[in-house]
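Have the sequence and the model at hand.

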Amino acid sequence: MQKITAVLLSLPLAWITSVLAENHWSYKGDTAPEHWGNLNAQWFFCNQGQYQSPIDIRDPVTGNLPPLNLYLSSPAGSITHNGHTIHITVEEGNSVALDRQHWQLKQFHFHAPSENYINGQRFPLEVHFVHANSKDEGMVVAVMLVAGQANPALEMVLNALPQRQHHSAALPPNVSFASLFPQDKHYYRFSGSLTTPPCTEGIIWLVMKQPVEASQMQLSRITQALRNANSRPLQPLHGRQITE
Ligand SMILES: [Zn+2]
């Protein structure tokens, strides 16, 4: 009985907290990116960090980085528009081998237009595949999308997305995200941060060099589904090296 009471009492509170947290930052107005660092004491990296993302990727040094080793299964998961982005949470079973470790894919989401640039070029859409290792350190694989052939994985995302924000739906069984990764698995590598509050640093960034195609119609649909541009402005390099 006590447990039930506690649950009933905590539900409205949890809901209010999450709504406040969700509304506390945005991409325009008083809670736009230039204000993030002042909105919450724990978000100080957003305006004081030295290794912030996104960046314009230029003048990489050659590091002979091996092609990315992806292990993709058919992830069960769920999809939602969380108020900031279209967000797909996946269960364990997808990983990347990097630095002699396995990094589990936790979630992926979309930014339109792209947050990172490559040689001054911006792309209509960027996907962030967020990974963590056994020590819970973060690694993001970013993929740029350009207009071209229709993309099967993006189609699945568009069709599975609930109409209403904060409502989630299960992904259809046996989906594949392979078509959201380019054939050529070479990438740029650098150190950066989360591109949303709390802007935590120490994140390994791998930006795939080859973009992936999606139809113009799909790019328009996903941009519309995102509702607002959700890209943080470019951040200074502060002497960071980009390797390729
Ligand atoms: Zn992101």
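## Ground rules

Helices (H or I, at least four residues) and strands (E, at least two) are DSSP runs, numbered from the N terminus. The model is predicted: local features need pLDDT of at least 70, side-chain atom pairs count only at pLDDT 80 or more, and totals for chains, interfaces and linings use all residues. Residues are numbered from 1 along each chain as its sequence is written, and side-chain values use heavy atoms, with hydrogens and water left out.

## Backbone details

N119 sits in the loop between β7 (117-118) and β8. Its phi is near 50°, a positive value in a residue other than glycine. N119 counts as partly exposed, at 49% relative accessibility. Here buried means under 20% relative accessible area, exposed over 50%, and partly exposed in between (1.4 Å probe, protein chains only).

Two cis peptide bonds deserve a look. One runs from S53 to P54, with omega near 5°; P54 belongs to the loop between α3 and β1 (56-57). Another joins P197 and P198, with omega about 10°. P198 is in the loop between β11 and β12.

## Pockets

A pocket is an open set of points on a 1 Å grid over the protein atoms alone, where a 1.4 Å probe fits, with protein on both sides within 12 Å along at least five of seven lines; lining residues have an atom within 4 Å of a point. Grid points are joined across faces, edges and corners, and a volume is the space filled by probe spheres set on the points.

The largest pocket holds about 410 Å³. Its lining has 21 residues, with H87, Q107, H109, T196 and P197 nearest the centre. Elements giving two or more residues to this lining are α1 (2-23), β6 (101-111) and β8 (125-132). β6 gives the most, three residues. By class, the lining has nine nonpolar residues, 11 polar and one charged. Ala, Val, Leu, Ile, Met, Phe, Trp, Tyr, Cys and Pro count as nonpolar; Asp, Glu, Lys and Arg are charged; the others, Gly among them, are polar.

The second largest pocket has a volume of about 220 Å³. Thirteen residues line it, and S26, Y27, G83, N228 and A229 are closest to its centre. Four are nonpolar, seven polar and two charged.

## Disulfide

How many disulfides does the whole structure contain? The search finds one. C46 is joined to C199, S to S 2.1 Å (the cut-off for a pair of cysteine sulfur atoms is within 2.5 Å). The S-S torsion is about 95°, so the disulfide is right-handed. C46 lies in helix α3 (residues 45-48) and C199 in the loop between β11 (187-193) and β12 (201-208), 153 residues apart. Both cysteines are buried.

## Cores and helix α5

A nonpolar core is a set of buried Ala, Val, Leu, Ile, Met, Phe, Trp, Tyr and Cys residues joined through side-chain atoms within 4.5 Å. The largest has 41 residues, and I88, F110 and F177 make the most contacts inside it. Helix α4 (residues 152-160) supplies the largest share, six residues. Another core, apart from it, has 14 residues, including I55, W205, V207 and I242.

In helix α5 (residues 216-226), Q218, L219, I222 and L226 are buried. They cover an arc of only 100° around the axis, which puts them on the same side of α5; the arc is taken from the directions from the helix axis to the C-beta atoms. M217 and Q224 are exposed, on the face turned away from the buried side. Just after α5, R227 has a positive phi of about 80°. R227 is partly exposed, at 47% relative accessibility.
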